[in-house]
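Here are my notes for you on this structure. Keep the model open while you read, and check each point as you go.

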Amino acid sequence: MAVLKIKVVSIIGRMTELDQVTSICGKSGCFHPDNSLSFYSDTAKFSPITEENPYAEPLQRLSGAVNGSRKRLELLPQDELNKIQYRRDELEDYVTRLVSSFQELQDARVAAQEQIQRCTRDMEEVSHFTGLDLDLDAIRECRYIKVRFGRLPKDSYEKLNHYHQNPYVIFFPCTSDDIQYWGVYFAPMEQVSEVDRIFSSLYFERIRLSELHSTPEHMLEDLQAERGKAIERIKAVDSRIEALWKQEQKELRRVYSYLNEQSVFFSIRRYAARYNDSFILTGWIPAEREKDFCAQLDQLESVEYTLDKAENELEHSPPVKLKNKKLIKPFEFFVDMFGLPQYDELDPTPFVAITYVLLFGIMFGDVGQGLCVSLVGYLMWRLKGMALGKALIPCGISSAFFGLVFGSVFGYEHLLDPMYQALFHLSEKPIEVMEADTTIQIILAAVCIGIFLVLCAILINIICSLRRHRYESALFGPNGVAGFVFYGGLVAGFGGQLAFGWQLVTPLYVAVVLILPLLVMMFAKVLGALVEHKPDWKPESWGGYVMENFFELFEVLLGYASNTISFLRVGAFVLVHAGMMTMVFTLADMTSGIGYVLIVVLGNAVVAGMEGLLVGIQVMRLEFYEMFSRFFEGGGRPFRPVTLGPSR
């Protein structure tokens, strides 16, 4: 259970050296800046540095111009970048010139694209009216007749018969699809308003072909030619963009990398505070990088710095970075979902890794399906880079292991009987899940596992709380020593008597192991305040305190019961898996040949997918609600050092 050890560093120097300091902090890749003013109580003479980043705007313009040209810039390696130096006026001149060149070409390309879209749209509309043998120029010159081109829904076309008394309400269709006709209607000048009103009520949608020239057939040819010219212009513009890119790529990459670096360095300044001609900059660095980081600062003669352990600055909420071994690291995914631990908390990732893999394997015990889960997880990790996929690999292996215990291979319950006979001299598998006696034993075993894990969670809370000097939680709370004694005593006393015949429950046992811890939990706040030497340990009203904590204690007891009962789902899913696969084989036995194979294969796929999802969710629920809630607070903020990368 490891949280990366970090230190807080405070750097003091002259304002003229602030750029050098931010450069060192940025290049280190390990400096997490923090608000410097928050580390001092008297800040009346300090002022925040609110200068505008002079590199952000040209960097944004340059990135926008390159992205708009469908090119991609990559940053130079740090060793090459260290050799580059530009003046601000040089950067501004270069960016202005290059952005102007790219923008001119992009504007030309956009104009050609718009022309293609316009031609394509007009071609589509005109194509619906070919065959009408109409001269659009002649129509435009008509003085006494108006012509309307457009589309009319088929339902509306059938309603035209209702207007037979008006001789001008006639629609001449040309082409059609499933829902509408394209065509034309005519009306004299003195009747056009009335006819337009009628067709508008029939949802006629006008298409203004009168803006075009010649016949529809000739217009279609002209539009095709115009569209072809626009496509050629785009090709020419793309060639010019490519030539400009090849010509400027090397210098462009240098300028882009330098701008990005300087913008990142300058952004660190906003965390600093100014005092006359001096500055102070505060942040966090990993303890393991202290030597290298300080060696860089030592090169600046007039810059001073101090370092302190993060444990001494807990009121400033030190940032957190988890540090775990490769086998455990994938399960940081689940911890991140719940929330990072605070700096002085224990990292629960190892506990999650062990318990999640164990519970998943028990609930999803099948050799074949478990190996498939591992394979799917591996592919998710390798092909998609999904953190969840990497966590599924050990879960699948655990499922395969418990599949060996339950004797299940893709639902075949007796396929491994020869192995049991050869290795253990058994006639068949040792655990028959669906037998009545075995079912009861599985349920009881699930409850025992739950009790053990709840006790482990309480122990972790005791250790963590003692480390954090929270004695009320460690000693007197429901997840402290008092809670451990009560819960463990209750299980050992009554559970031991039922299971093993232990005669532990005596009046003295009840008084010391059960009633006394309950009283301690009821007065946990008072006892905790006394141990921590708080002057205000007395409640305002003893009667009100007792009444309030009595009901809270009742809620605690319900919590113990519900947490324990929740683990019944572990045994239930063992039975569910066996039951679902029994149903699959019942259906398969109704057929033969290829039908049998298809049902078995598809049934395994459906069961594995559905049950894998449900088991994953249920184990996560057990982790978060039955175990995490007892020892884990979360609320930590991530350690995010300043690093060089593309601007966002």
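Is Lys 323 buried, partly exposed or exposed? Lys 323 counts as partly exposed, because its relative accessibility is 46%. Keep in mind throughout that this is a predicted model.

1. **The partner of Lys 323.** Start with charge. Side chains of opposite charge can pair when their charged atoms come close. Lys 323 meets Glu 288 in a salt bridge, at 3.3 Å from N to O. The pair links distant parts of the chain, 35 residues apart. Glu 288 sits in the loop between strand E9 and helix H9. Lys 323 sits in the loop between strand E10 and helix H10. Glu 288 is exposed, as its relative accessible area is 55%.

2. **A salt bridge network.** Now look at Asp 344, Glu 345, Arg 468, Arg 470 and Glu 633. Salt bridges with shared partners join these residues into one network. The structure holds 25 salt bridges.

3. **A salt bridge between strands.** Arg 151 and Glu 205 form a salt bridge through their side chains, with 3.0 Å from N to O. Arg 151 belongs to strand E4 and Glu 205 to strand E7. Arg 151 is buried, with a relative accessible area of 17%. Glu 205 is partly exposed, at 42% relative accessibility.

4. **A salt bridge inside one helix.** Lys 235 pairs with Glu 232, and their closest N and O atoms are 3.9 Å apart. Why are these two separated by about one helical turn? They lie three residues apart in helix H8, which runs over residues 216-267. Lys 235 is partly exposed, at 47% relative accessible area. Glu 232 is partly exposed too, at 48%.

5. **The largest nonpolar core.** How many residues does the largest nonpolar core have? It has 76. Those with the most contacts inside it are Phe 331, Tyr 356, Leu 359, Phe 567, Val 570 and Met 627. Helix H15 gives the most to this core, with 13 residues.

6. **Two residues and their contacts.** Leave out residues up to four places away in sequence. Met 627 then touches Phe 351, Thr 355, Leu 359, Leu 453, Ala 457, Phe 567 and Leu 622. Thr 349 lies in helix H11. Thr 349 is buried, with a relative accessible area of 0%. Its contacts, beyond neighbours within four places, are Leu 322, Asn 324, Ile 328, Phe 331, Glu 332 and Val 335.

7. **Helix H21.** Check the length of this helix. It has 22 residues, 568-589, and at 1.5 Å a residue should span 32 Å. Its end C-alpha atoms are 32 Å apart, which agrees. The buried residues of H21 include Val 570, Phe 573, Leu 575, His 577 and Met 581. Helices H11, H12, H13, H15 and H22 are included in what covers the buried residues of H21.

8. **Phe 573.** This residue lies in helix H21. Phe 573 counts as buried because its relative accessibility is 13%, and the cut-off for buried is under 20%. Phe 573 touches Met 363, Glu 611, Leu 614, Val 615 and Gln 618, not counting residues up to four places away in sequence. Its C-alpha atom is separated by 67 Å from that of Glu 301, which is 272 residues apart along the chain.

9. **Helix H19.** Which residues are buried in H19, residues 524-531? They are Ala 524, Val 526, Gly 528 and Ala 529. The buried residues of H19 pack against helices H16, H18 and H20. His 533 follows H19 and has a positive phi, near 60°.

10. **A nonpolar patch on the surface.** Tyr 144, Ile 145, Ile 170, Phe 172, Phe 186 and Met 189 make a nonpolar surface patch of about 560 Å². Tyr 144 lies in the loop between helix H5 and strand E4. Tyr 144 counts as exposed, at 60% relative accessibility.

Terms used:
Residues numbered from 1 in each chain as written. Predicted model: local features only at pLDDT ≥ 70, side-chain atom pairs only at ≥ 80, totals over all residues. Heavy atoms only, no water. Helix = DSSP H or I, 4+ residues; strand = E, 2+ residues; numbered from the N terminus. Expected span 1.5 Å × (residues − 1). Buried < 20%, exposed > 50% of the residue type's maximum accessible area, 1.4 Å probe, protein only. Contact = heavy atoms within 4.5 Å. Core = buried A, V, L, I, M, F, W, Y, C linked by side-chain atoms within 4.5 Å. Patch = residues over 30% accessible without salt bridge, like charges linked within 9 Å, V, L, I, M, F, W, Y side chains within 5 Å. Areas by Shrake-Rupley, 256 points an atom, 1.4 Å probe, with all protein chains shown as cover. Salt bridge = Lys/Arg side-chain N within 4 Å of Asp/Glu carboxyl O.
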